[in-house]
Amino acid sequence: MERVTLGADELARYARHIVLREIGGVGQIRLKCASVALVGAGGIGSPAIQYLAAAGIGRLILIDDDRVELSNLQRQTIFRTADVGRTKVSAAADAARAINPHIAIEERAARLDPGNAAQLLADATVVIDGSDSFATRLAVADAAFAAHIPLVSAAVGQFDGQLAVYRGWESDKPCYRCLVGNEPGREAVSCAEDGVMGPMVGMIGSLAAMEAIRAISFFGHDTAGELLIADLLYFRMRTVRLQKDPACRCRITNS
């Protein structure tokens, strides 16, 4: 196997990471060797893509079938006015390449569903789910669980957000369905109907990138199985420890 190293430009680019005791050169090389799949290149995906590209993730897999609309620009900061009408994965890929020419990007302009989820997420080191459909979230969670890929699940409301990391195949960790159950689908309120504060998605998307990097380079506290809840209308945050659901099929699968 070819030995992976960092070039002179990369050493300069990632210097502030490398001097961190928790990351160092070894951690930065782990990032370079990793692949992160992002389901959704919108509000949550937008900052996550930018920070992961800047961090030196070796390969980003962008999965989204939408096109950029003018109303996206209030919160999806990876896009510019000139991008309106383009596919989100194409516009986001161009922006990420402009941030960091050392990374590879795969554009998958498709809607993820139970039939294609395993293929779309294949070979990912970590998955970030920032999709706006509950059915898509279940498909992502099931495929990540089956493939033993850590799942960073992020969601936002008007002034609130949630973030959790799932590794449900481990005996002491819950899966996504331990939190939401086995309901096949539920109604979701869209940003167009309910509204959303722009910086809210920026904050949760940035935290999602942080947890993806943590899952790859193994620093600090292991957050898997903990749910971060942020309420920025009242400026408060809390963390809830999630438990495996005894009736969840992930427990049955692992028994």
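## The enclosed cavity

The structure contains 1 cavity of 30 Å³ or more. A cavity here is a set of points on a 1 Å grid over the protein atoms alone where a 1.4 Å probe fits but cannot get out. The largest cavity has a volume of about 50 Å³, a volume being the space filled by probe spheres set on the grid points, which are joined across faces, edges and corners. The model is predicted: local features need pLDDT of at least 70, side-chain atom pairs count only at pLDDT 80 or more, and totals for chains, interfaces and linings use all residues. Residues are numbered from 1 along each chain as its sequence is written, and side-chain values use heavy atoms, with hydrogens and water left out.

Which residues line the largest cavity? They are A141, A144, F145, L151, Y166, R167, G168, W169, C175 and Y176; a lining residue has an atom within 4 Å of a point. By class, the lining holds 8 nonpolar residues, 1 polar and 1 charged. In this scheme Ala, Val, Leu, Ile, Met, Phe, Trp, Tyr, Cys and Pro count as nonpolar, Asp, Glu, Lys and Arg as charged, and the others, Gly among them, as polar. Helix 7 (residues 134–147) supplies the largest share of this lining, 3 residues. Helices (H or I, at least four residues) and strands (E, at least two) are DSSP runs, numbered from the N terminus.

## The aromatic pair

Y166 and Y176, which both line the largest cavity, also form an aromatic pair. A search of the whole structure finds 1 such pair. Rings of Phe, Tyr and Trp (its six-membered ring) pair if their centres lie within 6.5 Å; planes under 30 degrees apart count as stacked, over 60 as edge-to-face and the rest as tilted. The two ring centres are 5.7 Å apart and the planes stand at 85°, so the pair is edge-to-face.

Y166 belongs to strand 6 (residues 160–166) and Y176 to helix 8 (residues 176–180), so the pair ties together parts that are 10 residues apart in sequence. Are these two residues buried or exposed? Both Y166 and Y176 are buried, that is, under 20% relative accessible area with a 1.4 Å probe and protein chains only (exposed is over 50%, partly exposed in between).

## Strand 6 and the sheet

Strand 6 is mostly covered, with 5 of its 7 residues buried. This strand pairs in the antiparallel sense with strand 5 (residues 151–156) over 6 bridges; two strands pair if DSSP finds at least two bridges between them. V156 has G161 of strand 6 as its bridge partner, and 3 residues lie between the two strands of this hairpin.

Strand 7 (residues 226–231) pairs with strand 8 in the antiparallel sense over 6 bridges, and L228 has T239 of strand 8 as its bridge partner.

How values were computed: 1 Å grid on protein atoms, 1.4 Å probe; cavity = no way out; pocket = protein on both sides within 12 Å on 5 of 7 lines; lining within 4 Å.
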